[in-house]
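Have the sequence and the structure at hand while reading.

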Amino acid sequence: LKNHSYHTLKQETAASATIPKDAADLTVGDLLAHYGRALMGVMDRQCVTLYDPRRDAAKYELVETPRKLFAAQAHAAKGILTVLDDRGGTRQPVLIGEIGSGKSSTSLVAARSHGANRVLIFCPPHLLDSWRNEVAAVFPDADYRVLSSVSEVAAVQDAAPKRFLVAVVSREA
């Protein structure tokens, strides 16, 4: 860093017996073996962990659902709750994952566990059936509505739902 130059690390994961003098000879293993603790310290200071399953798993209870979340999904839901509770509304959680990783179920469980009476979802028309099936699997007694206008969104916002309400906004582009 002192000479303001960058080097591509060698792909090897094994660390050398002694740290190479030339940075161009460093492997990934060398970097982690010799600088890993310092790098982790920087990460801890700059990227504060809001939810750590080892420390925070018991802090939140998730609502019971017929479709149980996998452990990683439950931790993601609890992470969402941590952001919602600990940030006082100044930050909003974003859940990102591969198709089929359970983002919908995780988000619905997190919303309901947080005390939400209704959830508003935006999705393309080809996913309406998927969302209907997902809601039915996670909360079979929930109301599910497809909205197609701003006035319908406002009506859902103003209504006091009798049951958990999942409203989906979908329009052709």
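## The largest pocket

How much space lies in the largest pocket? It holds about 710 Å³. A pocket is an open set of points on a 1 Å grid over the protein atoms alone, with protein on both sides within 12 Å along at least five of seven lines. The volume is the space filled by probe spheres set on the points, which are joined across faces, edges and corners.

The model is predicted: local features need pLDDT of at least 70 and side-chain atom pairs 80 or more, while totals for chains, interfaces and linings use all residues. Residues are numbered from 1 along each chain as its sequence is written, and side-chain values use heavy atoms, without hydrogens and water.

## The lining

By class, 16 lining residues are nonpolar, 7 polar and 2 charged. Here Ala, Val, Leu, Ile, Met, Phe, Trp, Tyr, Cys and Pro count as nonpolar, Asp, Glu, Lys and Arg as charged, and the others as polar.

Helix α4 gives the largest share, 6 residues. Helices are DSSP runs (H or I, at least four residues), numbered from the N terminus.

Tyr35 lies in helix α1, residues 28-46.

Ser113 belongs to helix α4. Ser113 is also partly exposed, because its relative accessible area is 21%. Between Ser113 and Pro125 there are 12 residues in sequence and 27 Å in space, C-alpha to C-alpha.

Conventions:
On a 1 Å grid over the protein atoms alone, a cavity is a set of points where a 1.4 Å probe fits but cannot get out, and a pocket is an open set with protein on both sides within 12 Å along at least five of seven lines; lining residues have an atom within 4 Å of a point. Helices (H or I, at least four residues) and strands (E, at least two) are DSSP runs, numbered from the N terminus. Buried means under 20% relative accessible area, exposed over 50%, partly exposed in between (1.4 Å probe, protein chains only).
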